[in-house]
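Have the model open as you read.

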Amino acid sequence: MPIPDRKKLLQECAYFDLRRASRALSRFYDHFLPDSSMIRDTQFSLLRMIMVEKELTLSTLGRYMVMDRTSVTRALDPLLRDKFVKIRKSEDDKRVRYVSLTKKGEDAVRQTEPYWQKAQEALMDAIGPARWHLMRTALRDTTSRIRRAHDDETVYQTTRNTGRKALHRAAAG
């Protein structure tokens, strides 16, 4: 088996580029949040989504945030511990749990929103409105296409060894 050109693999790796961009954006937004902020930049989007929806199931939150249920639960654990969110079981189906913000969670989102807005504006100024629009359109389109591919059983199959989802193009496809 030939040795892969690792430099070329890295230069062409979409995952590597997206992770770098994600870290750069996190650092950029985090710079705008005051040290006194009750929440971290990584928690803001999650809390804001819950605030917009008022109350939603953990599964629905996971679909919105493109997270599996275990990841949603892990992300909510510190917010639950710090009383930013509350979780209740459905009266109809005890397996279904709903999440909503507490007053403290709503206050945290409202306190953070002006700083987040400044970060948004600064980012738009830094990259320009055209690139801003292109970036957001490309990210949303990419997310949508990946989700569709993930849901397409001819594209993904569960590997026997690890139980993880692995990309597999069907030979007949």
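Which residues in the largest nonpolar core touch the most other members? In this predicted model, the answer is L47, I50, L61, L76, V85 and V99, out of 24 residues in that core. Helix 3 (41–53), helix 4 (58–65), helix 5 (69–81), strand 3 (97–101) and helix 6 (103–127) are the elements that give two or more residues to this core.

Leaving aside residues up to four places away in sequence, V99 touches I50, L61, L76 and V85, among others. Its partners also include K54, E55, L56 and L58.

Now turn to helix 4, where L58, L61 and G62 are buried. These three sit on the same side of the helix, because they cover an arc of only 100 degrees around its axis. An α-helix has 3.6 residues a turn, so residues three or four places apart point the same way. The buried residues of helix 4 pack against helix 3, strand 1 (55–57), helix 5, strand 2 (85–89) and strand 3. Just after helix 4, V66 has a positive phi of about 55 degrees.

Stepping back, the chain has seven helices and five strands, arranged from the N terminus as α-α-α-β-α-α-β-β-α-α-β-β. Of its 173 residues, 21% are buried. Among contacts with a separation of 6 or more, 48% link residues 24 or more positions apart.

How values were computed. Residues are numbered from 1 along each chain as its sequence is written. This is a predicted model: local features need pLDDT of at least 70, side-chain atom pairs count only at pLDDT 80 or more; totals for chains, interfaces and linings use all residues. Side-chain values use heavy atoms; hydrogens and water are left out. Helices (H or I, at least four residues) and strands (E, at least two) are DSSP runs, numbered from the N terminus. Buried means under 20% relative accessible area, exposed over 50%, partly exposed in between (1.4 Å probe, protein chains only). Contact means heavy atoms within 4.5 Å. A nonpolar core is a set of buried Ala, Val, Leu, Ile, Met, Phe, Trp, Tyr and Cys residues joined through side-chain atoms within 4.5 Å. The arc is that of the directions from the helix axis to the C-beta atoms.
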